[in-house]
Amino acid sequence: MEGVNEMSAEQAVRTADPEMKRLLHLASNVASSRATILISGESGTGKEILARYIHAKSPRASRRLVAVNCAAIPADLLESELFGFEKGAFTGAVQMKPGKFELANQSTFLLDEISEMPLILQAKLLRVIQEGEVERLGAKAPVKVNVRLIATTNRDLPAMVKAGQFREDLYYRLNVIPLAIPALRNRPRDIEELARFFTEVSGLVNGKSEKRLSAEAVQKLKSWKWPGNVRELENVIERSILMSAQPEISADDIEIAGFKPQPTQGGDLVPGMTIEEAERRLIMKTLEYTSQNRTKAAQLLGISIRTLRNKLHEYGVAPAGATVEERSNG
Ligand SMILES: Nc1ncnc2c1ncn2[C@@H]1O[C@H](COP(=O)(O)OP(=O)(O)OP(=O)(O)O)[C@@H](O)[C@H]1O
Ligand SMILES: [Mg+2]
């Protein structure tokens, strides 16, 4: 049943990040309207799940959301996919086929990766939006449609407009309600929240519901920059659940492609991070600055070397090959 799927999609949007919470709040406020929504964000940040959340909260929820990924369909097929065709409209059109736009009537139409739509089709899409009717290829008359449009992009549309690659008028038509999803690396609380959530879900699915993340594992996850965002995190967690021998997943069980041990852990301060996380970053940055000299770092930070060592232990940072300097001071 469609409805059931959409509800579970809705339940699955998890977040502990203030900006994401604001977006979700805004999304549910506009869900009831027909306003066009443009969701932007890096690959894997959760654009589709947010679109489905909006649909699930809308009065259209009982109908199936119709989605077309503009990047996945060859440009020459995209037009007939979107708008459909009449029998005999072109060689091979042996019978009438309604377009996805028409199939989304009374429902929500998700246009994924809208930036990949050829300019010619952009013009046609604009007309459909403005007039509220679609014309199948080879048709004599248009069909009225009542569609709620949600578009997504992981590219910078304003920049594409400037470069003449995306129609400005269409951009403004789509961008009625912009929802910009932050990258996962800028949602420090979500790294932990989603990691624990995926551990739970993946544990259940794989019959390993006893699995838990160790503090060191969480720390390792938090130190990575997640270029593939939530999708990458989901995959990493699932793999570590399958690979770990013990109920508690250690830092070593977490395998991240391209991970360098202790990369620049002294990242920037980001609104929404906890004081604890800000403290960790300041400590790591200071250590970078002192070339890992813990005595100097402790002095700069105004804490004892013992406190510094305890904190590093909490973060899962290996004890420095106990230097003479440290032993005499600690
Ligand atoms: N807030 C969240 N809570 C739970 N799961 C999430 C969340 N955000 C993303 N996911 C999961 O992460 C994966 C990627 O999400 P989604 O497909 O929505 O991203 P996307 O931005 O559309 O990616 P792409 O740009 O590659 O199309 C999906 O499996 C989705 O269920
Ligand atoms: Mg997507």
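Modeller: Directly after helix α4 comes G84, a residue with a positive phi, near 80 degrees. Please bear in mind throughout that this is a predicted model.

The helix itself, α4, covers residues 75-83, and its buried residues are L78, S80, L82 and F83. Against which elements do the buried residues of α4 pack? They pack against the strands β2 (66-69), β3 (84-85) and β6 (133-134), and against the helices α5 (100-103) and α6 (119-131).

The C-alpha atoms of L78 and L50 are 24 Å apart in space, and the two residues are 28 places apart in sequence. L50 belongs to helix α3, which is formed by residues 47-57. Is L50 buried or exposed? A residue needs 20 or more other C-beta atoms within 10 Å to count as buried; L50 has 23 such neighbours, and it is therefore buried. Leaving out residues up to four places away in sequence, L50 touches V13, A27, I39, L179 and I181.

Q106 is placed in the loop that runs between α5 and β5 (108-112). Q106 has 12 C-beta neighbours inside 10 Å and so counts as exposed. A further positive phi in a residue other than glycine, near 55 degrees, is that of N229. N229 lies in helix α11, residues 229-243. N229 is buried, because 25 other C-beta atoms lie within 10 Å.

The domain assignment of the protein gives domain 1 as 2-182, domain 2 as 185-249 and domain 3 as 275-329. The centres of domain 1 and domain 2, taken over C-alpha atoms, are separated by 31 Å. How many residues of domain 1 are in contact with domain 2? There are 11 of them, and they meet 12 residues of domain 2. On the side of domain 1 that touches domain 2, the residues comprise 3 nonpolar, 5 polar and 3 charged.

D190 is a residue of α9, and it is buried because 25 other C-beta atoms are found within 10 Å. Apart from neighbours within four places in sequence, D190 is in contact with T15, A16, D17, M20 and L184. D190 and M273 are 83 residues apart along the chain, while their C-alpha atoms are separated by 9.7 Å.

Two packed helices are described by the angle between their axes and the distance between the axes. For helix α9 (residues 188-205) and helix α10 (residues 215-223), the axes come within 9 Å and cross at roughly 135 degrees. This angle makes α9 oblique to α10, and the crossing is right-handed. The contact involves P188, I191, E192 and A195 on the side of α9, with V218, L221 and K222 on the side of α10. By class, these residues are 5 nonpolar and 2 charged, with no polar residue.

Helix α11, where N229 lies, also holds L242. Is L242 buried or exposed? L242 has 12 C-beta neighbours inside 10 Å and so counts as exposed. L242 and G203 are 39 residues apart in sequence, and their C-alpha atoms are 8.8 Å apart in space.

Helix α12 (residues 275-289) packs with helix α13 (residues 294-301) at an angle of about 130 degrees, and their axes are 9 Å apart. α12 and α13 are therefore oblique to each other, and their crossing is right-handed. I283, T286 and L287 of α12 make this contact with A297, L300 and L301 of α13. The contact has 5 nonpolar residues, 1 polar residue and no charged residues.

Key
Residues are numbered from 1 along each chain as its sequence is written. Chains are lettered from A and ligands numbered from 1 in the order in which they are written. This is a predicted model: local features need pLDDT of at least 70, side-chain atom pairs count only at pLDDT 80 or more; totals for chains, interfaces and linings use all residues. Helices (H or I, at least four residues) and strands (E, at least two) are DSSP runs, numbered from the N terminus. Two residues are in contact if their C-beta atoms, placed from the backbone, lie within 7 Å. Domain bounds come from an automatic or database domain assignment. Ala, Val, Leu, Ile, Met, Phe, Trp, Tyr, Cys and Pro count as nonpolar, Asp, Glu, Lys and Arg as charged, and the others, Gly among them, as polar. Axes are lines fitted to C-alpha atoms, for helices over the stretch in contact, and angles run from 0 to 180 degrees between N-to-C directions. Angles under 35 degrees count as roughly parallel, over 145 as roughly antiparallel, 65 to 115 as roughly perpendicular and the rest as oblique. A crossing is left-handed if the near helix is turned anticlockwise from the far one by less than a right angle, and right-handed if clockwise.
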